[in-house]
Amino acid sequence: VDTNQYPLSENHTSEDGVCKLLYAGRVSPEKGVRTIIEAISNLILKGYENFSLSIVGGGSSDYVSELQRLVEEKKQKKRVKFWGVQPRERVKDFFYNHDIFIFSSIWEEPFSIVLLEAMASGMAVIGTPVGGSKEILVDGENALVYSPGDSEALAEAISKLANNAELRKRLGKKAALCVRENFDIEQTIEQVEKYLLEVCGQS
């Protein structure tokens with residue numbers, strides 16, 4: 001990630017008191033978006049209603065329609081908005097006007113760039129430790145982690161973060177630092193060049 005494109009922001013707290021959740025990525029079954037919608041239903045049943053969810057990204061029209069029907073069935077239409085595919089620059093804007101980024105993947109995803117971008121911006125993250133994200137997310141250190149597909153655990157994590165602005169800020173700072181220290185594109189290029197030079201010197 002070019003971290004210069006994602007300046008760290010500590011202002012991820014909505015002025016209207018509504019906690020704004022964000023999912024960005026492909027909208028398909030293996031991405032676990034359904035788990036987020038189910039988690040929201042769990043929160044509503046427990047009496048917590050001060051939140052909204054933006055779903056940014058596209059997928060098969062049939063699956064997106066299925067999720068939209070689920071949102072209607074759960075009576076969440078006022079809280080959940082499907083934004084569809086957005087230009088890359090526009091996606092960046094979503095990072096800075098939302099409070100919590102949810103990485104809900106339920107498959108062994110190789111590596112998520114959008115997760116790193118959200119972290120670089122200083123967003124607090126709730127995510128699943130699957131595939132490449134196991135190397136990135138550390139529960140209680142730079143994110144809150146829950147088991148893939150566990151809507152109850154996700155609801156609990158959302159409630160914990162939504163009601164604790166200081167925890168969001170602390171996790172967001174640590175997340176941004178993690179990306180800058182380990183996944184910055186310039187640093188990565190330098191490491192690769194160094195490695196290649198060492199290899200050449202040994203041959």
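In this predicted model, the largest cavity is lined by Tyr23, Ala24, Lys31, Phe101, Ile102, Phe103, Ser104, Ser105, Glu109 and Val114. About 50 Å³ of space lies inside this cavity, and a search of the whole structure finds one cavity of 30 Å³ or more. Strand E1 (19-24) and strand E4 (100-103) each supply at least two residues of the lining, with E4 giving the most, three residues. Sorted by class, the cavity lining holds six nonpolar, two polar and two charged residues.

The largest pocket holds about 290 Å³ of space. Its lining is made of 17 residues, and those nearest the pocket centre are Ala24, Gly25, Arg88, Val91 and Val114. Helix H3 (88-96) and helix H4 each bring at least two residues to this lining, and the largest share, three residues, comes from H4. Seven of the pocket-lining residues are nonpolar, five are polar and five are charged.

Ser121 sits in the loop between helix H4 (113-120) and strand E5 (124-127). Its relative accessible area is 0%, so Ser121 is buried. A polar atom of the Ser121 side chain lies 2.7 Å from the backbone oxygen of Ala118.

Attention now turns to charged pairs. Side chains of opposite charge can pair when their charged atoms come close. Across the whole structure, 11 salt bridges are found. One of them joins the side chains of Lys46 and Glu152, at 3.4 Å from N to O. This pair links distant parts of the chain, 106 residues apart: Lys46 is in the loop between helix H1 (33-45) and strand E2 (51-56), while Glu152 is in helix H5 (residues 151-162). Lys46 counts as exposed, at 57% relative accessibility, whereas Glu152 is partly exposed, at 42%.

A further salt bridge forms between Arg79 and Glu49, whose closest N and O atoms are 3.2 Å apart. Because Arg79 lies in the loop between helix H2 (61-73) and strand E3 (80-84) and Glu49 in the loop between H1 and E2, the pair ties together parts that are 30 residues apart in sequence. Here Arg79 is buried, with a relative accessible area of 18%, but Glu49 is partly exposed, at 44%.

Lys174 and Glu141 also meet through their side chains in a salt bridge (3.4 Å, N to O). Lys174 belongs to helix H6 (residues 165-182) and Glu141 to the loop between E5 and strand E6 (144-145), so parts 33 residues apart in sequence are tied together.

Note on methods:
Residues numbered from 1 in each chain as written. Predicted model: local features only at pLDDT ≥ 70, side-chain atom pairs only at ≥ 80, totals over all residues. Heavy atoms only, no water. Helix = DSSP H or I, 4+ residues; strand = E, 2+ residues; numbered from the N terminus. Buried < 20%, exposed > 50% of the residue type's maximum accessible area, 1.4 Å probe, protein only. Polar contact = N/O pair within 3.5 Å; in protein donor to acceptor, adjacent residues only side chain to side chain. 1 Å grid on protein atoms, 1.4 Å probe; cavity = no way out; pocket = protein on both sides within 12 Å on 5 of 7 lines; lining within 4 Å. Points joined across faces, edges and corners; volume = space filled by probe spheres on them. Nonpolar A, V, L, I, M, F, W, Y, C, P; charged D, E, K, R; others polar. Salt bridge = Lys/Arg side-chain N within 4 Å of Asp/Glu carboxyl O.
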